[in-house]
Amino acid sequence: MKIVSALALLPAVTAFVPSTAPKFGTKLNLKQDFLEASPYYDQSAVVTNTYKNKAPFTGKVVSTKRIVGPKATGETCHIIIDHNGDFPYWEGQSWGVIPPGTREKDGKPHAVRLYSIASSRYGDDMTGKTGSLCVRRATYWCPELKADDPAKKGICSNFLCDTQPGDEVAMTGPAGKVMLMPEEDPNTDYIMVATGTGIAPFRGFVRRLFFEDTPAANAYKGEAWLFLGVANSDALLYDDEFQDAKARFPKNFRLDYALSREQENKKGGKMYIQDKVEEYADEVFNKLDNGAHIYFCGLKGMMPGIQDMLAEVCKSKGLDYEEWIKGLKAKKQWHVEVY
Ligand code: FAD
């Protein structure tokens, strides 16, 4: 079935979000093309830094919700922020957040922290007036106390995860162009590799490609393949939405999870993200040979394991790893945003 006809079967517009915004199946009856460039894939007008540190935008929290189960390692929240349509962004961009208050060490305002935007440009409510963040609460485990030390907890992530509806958030950006999707060729395959909150931009991608009534979604005929690595199934993020995409678009959306504390890799060790991608190395390499774009997002620590794995695969295929990566970068197929 072609995507266009599958979309036509949807009950008008369907919003897929954690339970804080319109529920599955909610009819919004909004035509979702009011935030498109002309043609929709023209990125010449993508803006960055509309709001700067010295004159930040004030967003308003719509909702803040914990989105992981009780056995997850740590807490991750989905935060929807109202920008009243005054702070447009593209899928793959980030917002900066300046936490309130001042630094203990010198009394100066806190520095800005970046967060990948986890919604499409239309927002979870499809109004074009909100954006969502996926934030992991940074805690500090003190080895001497053998407990969390609240004095050393992350300033901005705790501020965001503790917000209540109506709270104000000082914001900058939007930032970055490295994670944009090249939408000109609707047959483009996307390989998205995330660990933890690195899922944020890819949730925006999946919503744009599969759940909206936009020219981009209607045109898309490629395959989007998402790899997500987390510790256990309670730590999975947006699984309900991804399962739904898989059920509706089995030919266009693939989903693979690496659950390090629940699955074993082929050597009997923990299943990390690079082990899961390696299982499909031939397919991944073929896709990249044929022009697929590969994206990595999450903690910096994910990249060495990924790169070692890719280097090994190159070796087994008689490819020069450095040249291979260089080729992907030259053709703009290689996208990395790690922190
Ligand atoms: P900070 O206050 O900056 O502290 C950093 C760490 O140091 C914390 O773990 C804290 O516990 C520890 N610490 C504090 N004091 C001490 C001390 N005295 N001794 C030892 N350790 C201490 N994060 C997300 O959750 N989601 C995203 O989508 C996301 N996207 C990002 C996109 C980009 C492009 C970048 C660059 C970063 C992104 N981040 C994301 C990370 C985010 O910007 C912050 O770095 C993160 O939330 C931590 O900020 P914080 O203010 O909470 O912690």
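Around the ligand there are 20 residues, and of these Leu114, Tyr115, Lys152, Cys156 and Ser157 come nearest, where a residue counts as near a molecule if one of its heavy atoms lies within 4 Å of it. The model is a predicted one, in which local features need pLDDT of at least 70 and side-chain atom pairs count only at pLDDT 80 or more, whereas totals for chains, interfaces and linings use all residues. Residues are numbered from 1 along each chain as its sequence is written, and side-chain values use heavy atoms, with hydrogens and water left out.

**Ligand contacts**

- A polar backbone atom of Cys156 is 2.7 Å from an oxygen atom of the ligand, a polar contact being a pair of N or O atoms within 3.5 Å.
- The ligand taken alone exposes 980 Å², of which the protein buries 67%; accessible areas come from the Shrake-Rupley method with a 1.4 Å probe.

**Annotated domain**

- In an unreviewed entry, UniProt lists residues 54-181 as "domain: FAD-binding FR-type", and such annotations may be inferred rather than shown by experiment.
- The span of residues 54-181 is 5% helix and 35% strand, and its end C-alpha atoms lie 30 Å apart; helices (H or I, at least four residues) and strands (E, at least two) are DSSP runs, numbered from the N terminus.

**Helix α8**

- Helix α8, residues 302-316, has 15 residues and reaches 22 Å from its first C-alpha to its last, close to the 21 Å expected at 1.5 Å a residue, the expected span being 1.5 Å times one less than the number of residues.
- The buried residues of α8 are Met302, Met303, Gly305, Ile306, Met309, Leu310, Val313 and Cys314, where buried means under 20% relative accessible area, exposed means over 50%, and partly exposed lies in between (1.4 Å probe, protein chains only).
- What covers these buried residues of α8 includes β9 (190-195), α6 (273-279), α7 (281-289), β12 (293-298), α9 (321-330) and β13 (334-338), with contact taken as heavy atoms within 4.5 Å.
- After α8 comes Gly318, which has a positive phi near 70°.

**Backbone geometry**

- Most residues other than glycine have a negative phi, and most peptide bonds are trans.
- Met126 has a positive phi of about 65° although it is not a glycine, and it sits in the loop between β4 (113-116) and β5 (130-136), where its 0% relative accessibility makes it count as buried.
- Lys332, also not a glycine, has a positive phi of about 60°; Lys332 is found in the loop between α9 and β13 and is exposed, with a relative accessible area of 61%.
- The peptide bond from Ser38 to Pro39 is cis, with omega near -10°, and Pro39 lies in the loop between α1 (3-8) and β1 (57-66).
- The peptide bond from Gly173 to Pro174 is also cis, with omega near 0°, and Pro174 has its place in strand β8.

**Asp185**

- Asp185 is in the loop between β8 (168-175) and β9, and it counts as partly exposed because its relative accessibility is 40%.
- Between Asp185 and Arg103 there is a C-alpha to C-alpha distance of 47 Å, and the two are 82 residues apart in sequence.

Key:
Polar contact = N/O pair within 3.5 Å; in protein donor to acceptor, adjacent residues only side chain to side chain.
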